[in-house]
Amino acid sequence: MSFGGSDMYRQQILDHYKNPRNYGEIEDPTFTHVGENPMCGDTLEMDVVLDDAEETIESVAFRGDGCAISQAAASMLSTELAGMPIEELQAMDRDDIIDMLGVDISPMRVKCAVLAEKVAQDGADIYFGEVDVDRTTTED
């Protein structure tokens with residue numbers, strides 16, 4: 001694994017990779033969406049439950065396979081999203097994810113880091129009828 005940053009953040013990433021939070025499925029989610037990073041082989045499927053007013057994320061679960069960065073980012077993001085207004089999710093960008101990870105990410109690994117964010121955002125956009133895609137990809 002090659003990323004810079006303090007040992008504390010590297011340990012946090014390894015912990016989330018080895019012991020992912022919110023890993024699994026949610027029965028009857030508001031929406032489910034899948035995505036992949038073809039360059040690295042990362043795959044991710046995310047379930048999201050919204051509150052009754054569809055304004056706030058109640059819970060998130062994910063499952064997938066991939067490198068430590070992609071899976072740790074999914075785990076870390078899943079803990080951040082619970083209780084978040086949907087507008088905040090839609091306003092997130094790659095800098096938010098890199099800040100959350102707390103380490104320098106090489107340009108080749110940024111797509112690994114942002115996969116979970118893109119899957120959650122696209123899933124919400126599909127649910128609200130703003131886009132129509134079957135699968136999210138980090139390819140531009």
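Start with the largest nonpolar core: it has 36 residues, and Met46, Leu81, Leu89 and Leu101 touch the most other members. At least two residues of this core come from each of β3, β4, α2, α3, α4 and α5. The biggest contribution is from α5, with nine residues. Keep in mind that this is a predicted model.

Take Leu101 as an example. Beyond its neighbours within four places in sequence, Leu101 is in contact with Tyr9, Ile13, Ile69, Ala73, Met76 and Ala113.

Now helix α2, residues 68-81. Is α2 largely enclosed or largely open? Of its 14 residues, 12 are buried, so the rest of the structure largely encloses it.

With 14 residues at 1.5 Å a residue, α2 should span 20 Å, and its end C-alpha atoms are 20 Å apart, which agrees. Just after α2 comes Gly83, with a positive phi of about 90°.

Last, the largest pocket. It holds about 260 Å³ of space. Its lining has 14 residues, and those nearest the centre are Pro107, Met108, Val110, Lys111 and Thr138. Which helix gives the most to that lining? That is α5, residues 110-127, with five residues. By type, the lining residues are seven nonpolar, five charged and two polar.

Methods:
Residues are numbered from 1 along each chain as its sequence is written. This is a predicted model: local features need pLDDT of at least 70, side-chain atom pairs count only at pLDDT 80 or more; totals for chains, interfaces and linings use all residues. Side-chain values use heavy atoms; hydrogens and water are left out. On a 1 Å grid over the protein atoms alone, a cavity is a set of points where a 1.4 Å probe fits but cannot get out, and a pocket is an open set with protein on both sides within 12 Å along at least five of seven lines; lining residues have an atom within 4 Å of a point. Grid points are joined across faces, edges and corners, and a volume is the space filled by probe spheres set on the points. Helices (H or I, at least four residues) and strands (E, at least two) are DSSP runs, numbered from the N terminus. Ala, Val, Leu, Ile, Met, Phe, Trp, Tyr, Cys and Pro count as nonpolar, Asp, Glu, Lys and Arg as charged, and the others, Gly among them, as polar. The expected span of a helix is 1.5 Å times one less than its number of residues. Buried means under 20% relative accessible area, exposed over 50%, partly exposed in between (1.4 Å probe, protein chains only). A nonpolar core is a set of buried Ala, Val, Leu, Ile, Met, Phe, Trp, Tyr and Cys residues joined through side-chain atoms within 4.5 Å. Contact means heavy atoms within 4.5 Å.
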